[in-house]
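Work through the exercises below with the sequence and the coordinates at hand. Each task is followed by a solution in steps.

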Amino acid sequence: MKEVNGWAFPDIDEFMAGEMKADGTYQASHLRLALKHVTDLGVAVDGGAHVGTWSRLMARAFGQVIALEPSADTHECLVENMRRFGCPNVEVRQVALGAVAGLSAMVLDGPQLERKNTGGRYVAPASAKGDRTVRVETLDSWSLPSLGFLKLDVEGSEPLALMGARATLARCRPIVLFESKGLCRRYGLKPAAAQDVLASCGYRELEIAGCDRVWGPR
């Protein structure tokens with residue numbers, strides 16, 4: 001573990017540590033754009049929390065934040081950062097979100113993760129080998145009584161996470177921010193798969209910020 005601008009990062013990381021601004025934020029304007037549409041500030045889920053730059057900001061806006069980071073060394077840094085920055089309302093879980101619960105491999109390194117980018121790690125497709133086994137859960141299995149905001153930056157498995165969240169989307173109607181870079185192709189899904197899942201749940205696009213999309217109920 002190393003320190004960058006007061007934040008704990010995995011020793012191996014070069015890319016994400018270099019992307020962080022001097023004030024300790026990363027793409028904070030994308031989050032602010034989404035939060036304009038949020039009306040329920042009770043519970044938020046940070047899927048793909050990494051070291052917690054968004055979790056920290058979300059902790060200021062919501063009563064409770066559930067921050068998910070399956071990669072062991074990044075999860076360790078997330079826990080340390082939430083302690084360091086005084087975020088007792090952030091619950092950290094070392095799990096990935098998917099369409100079905102179970103165990104999966106996770107790709108931590110390789111040709112697609114150049115410049116030691118710990119933010120580019122991903123849950124391996126069923127047919128691929130990974131570097132470490134991680135637990136996968138569905139958002140629906142949590143039976144959350146309410147959810148105001150769902151953020152997904154999970155390197156291509158966003159559609160799978162949404163497939164496992166259909167009941168929660170129908171019941172809670174959260175604002176959803178998800179990354180859309182076409183990486184879902186690694187799971188045999190078309191580039192607009194996440195949009196298709198949300199549209200089938202009665203959602204529409206509200207905002208675009210770089211590779212991030214913000215959707216909300218119609």
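**Exercise 1.** Is Glu 205 buried, partly exposed or exposed, and what is its relative accessible area? Continue with its salt-bridge partner, Arg 213.

Solution. The model is predicted: local features need pLDDT of at least 70, side-chain atom pairs count only at pLDDT 80 or more, and totals for chains, interfaces and linings use all residues. Residues are numbered from 1 along each chain as its sequence is written, and side-chain values use heavy atoms, with hydrogens and water left out.

Step 1. Set the classes: buried is under 20% relative accessible area, exposed is over 50%, and partly exposed lies in between (1.4 Å probe, protein chains only). Accessible areas come from the Shrake-Rupley method with a 1.4 Å probe, and for residues only the protein chains shown count as cover.

Step 2. Glu 205 has a relative accessible area of 34%, so this residue is partly exposed.

Step 3. Arg 213 is at 18%, and therefore counts as buried.

Step 4. The two side chains meet in a salt bridge at 3.8 Å, N to O. The criterion is a side-chain nitrogen of Lys or Arg within 4 Å of a carboxyl oxygen of Asp or Glu.

**Exercise 2.** Find the salt bridge of Arg 121 and state which parts of the chain the pair links.

Solution. Step 1. The partner of Arg 121 is Asp 73, at 2.6 Å from N to O.

Step 2. Arg 121 sits in the loop between strand 7 (102–107) and strand 8 (122–123), while Asp 73 belongs to helix 4 (residues 72–84); the two are 48 residues apart. Helices (H or I, at least four residues) and strands (E, at least two) are DSSP runs, numbered from the N terminus.

Step 3. Arg 121 is buried at 10%, whereas Asp 73 is partly exposed at 25%.

**Exercise 3.** How many salt bridges does the rule give, and which residues do shared partners join into one network?

Solution. Step 1. The count is 12.

Step 2. Another of these pairs is Glu 91 with Arg 93, with the closest N and O atoms 2.8 Å apart. Glu 91 is partly exposed at 31%, and Arg 93 is partly exposed at 22%.

Step 3. The network consists of Glu 3, Glu 80, Arg 83 and Arg 84.

**Exercise 4.** Give the strand order of the 7-stranded open sheet and identify its edges.

Solution. Step 1. The order is 5-4-3-10-11-13-12, with mixed pairing; two strands pair if DSSP finds at least two bridges between them.

Step 2. Strand 5 (90–93) and strand 12 (203–209) each have a single partner strand, so one side of each lacks a neighbour in the sheet. From one strand to the next, the twist averages 15°.

Step 3. Strand 11 (residues 175–179) and strand 13 (residues 212–217) are antiparallel over 4 bridges. Glu 179 has Asp 212 in strand 13 as its bridge partner.

**Exercise 5.** Which strands does helix 7 (residues 193–200) lie across, and at what angle does the helix run to strand 11?

Solution. Step 1. Helix 7 lies across strand 11, strand 12 and strand 13. Contact means heavy atoms within 4.5 Å.

Step 2. Its angle to strand 11 is about 165°. Axes are lines fitted to C-alpha atoms, for helices over the stretch in contact, and angles run from 0 to 180 degrees between N-to-C directions.
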